[in-house]
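Me: I have a chain to go through with you. Let us take it by questions, from the overall fold down to single residues.

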Amino acid sequence: MGNTALIVIDMINTYDHEDAELLIPSVESVVPVLTGLLRRARQREVPVIYVNDNFGEWRSHHGEILDKALSGPHAHLVDPLRPDDSSLFVVKARHSIFYETPLTYLVHQLGIDRLVLCGQVTEQCVLYSALDAHIRHLDVVVPRDAVAHIHADLADAALRMMQRNMGARVCDSRELWA
């Protein structure tokens, strides 16, 4: 797949936020898929970059974000997806993985021209990140079974928009690094 990075969006999460009760069932179905996708990417030495909300904790760093999520009631959704020693971590504050983050610089430094976007939320952060990747002339791949949603109808529309309007490849995760 060329110079590709796997981007894990907002999966280090306490699920202590509005709409969490609607999101969790979808996350539960996505975690095993993401676990397999992470394993395959790491086996092929594909860079894995976690881009995660800081949840307004401006003095936090990625270790604190992970520790807080692992100490909460939904740790079972986080533990299988925890970053390993080779993973990179970018903290974000808004919906897009690019907005006011060093991600553009990082992917260019790594020679990355294709992003596989997975994580949550399909109709929010994944959609906005796909648009921002597209306007940065990066190819986008979205494995439909590796993104979690709050509203299934909006997620389906978001995937269609990514494919039609942004030229994203929408596929099943088993098609990647098989």
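Me: What share of the contacts in the protein chain with a separation of 6 or more comes from residues 24 or more positions apart?
Reply: Keep in mind that this is a predicted model. Among contacts with a separation of 6 or more, those between residues 24 or more positions apart account for 81%.

Me: How many helices and strands does the protein chain hold?
Reply: From the N terminus, the elements run β-α-β-α-α-β-α-β-α-β-β-α-β. That comes to six helices and seven strands.

Me: What is the radius of gyration of the protein chain, against the globule rule?
Reply: The C-alpha trace spans about 35 × 35 × 30 Å along its principal axes. For 178 residues the globule rule gives 16 Å, and the chain is close to that, so it is as compact as a globular protein of that length. Its radius of gyration is 15 Å.

Me: Is strand β2 mostly covered or open, and how many of its residues are buried?
Reply: In a regular strand, side chains alternate between the two faces of the sheet. In β2, V48, Y50 and N52 are buried on one side. I49, V51 and D53 are buried on the other. Strand β2, residues 48–53, is thus mostly covered, and the buried count is six of six.

Me: Which strands does β2 run parallel to, β1 among them?
Reply: Four bridges join β1 (residues 4–9) to β2 in parallel, with V8 partnering Y50.

Me: Which rings form the one aromatic pair, and how are they arranged?
Reply: The ring centres of Y50 and F89 are 6.2 Å apart. Their planes lie at 10°, under the 30 degrees cut-off, so the pair is stacked. Y50 is in β2 and F89 in β3, so the pair ties together parts 39 residues apart in sequence. Both residues are buried, and the pair is Y50 and F89, stacked.

Me: Why does the length of helix α5 agree with its residue count?
Reply: Helix α5 (residues 122–135) has 14 residues. At 1.5 Å a residue it should span 20 Å. Its end C-alpha atoms agree with that, at 18 Å apart.

Me: Which elements do the buried residues of α5 pack against?
Reply: The buried residues of α5 include C125, V126 and L127. After the helix comes H137, with a positive phi near 65°. The packing partners are β1, β3, β4, β5, β6 and α6.

Key: Residues numbered from 1 in each chain as written. Predicted model: local features only at pLDDT ≥ 70, side-chain atom pairs only at ≥ 80, totals over all residues. Heavy atoms only, no water. Buried < 20%, exposed > 50% of the residue type's maximum accessible area, 1.4 Å probe, protein only. Helix = DSSP H or I, 4+ residues; strand = E, 2+ residues; numbered from the N terminus. Pairing = 2+ DSSP bridges. Expected span 1.5 Å × (residues − 1). Contact = heavy atoms within 4.5 Å. Phe/Tyr/Trp six-rings, centres within 6.5 Å; stacked < 30°, edge-to-face > 60°. Rg over C-alpha atoms; globule rule 2.2 N^0.38 Å.
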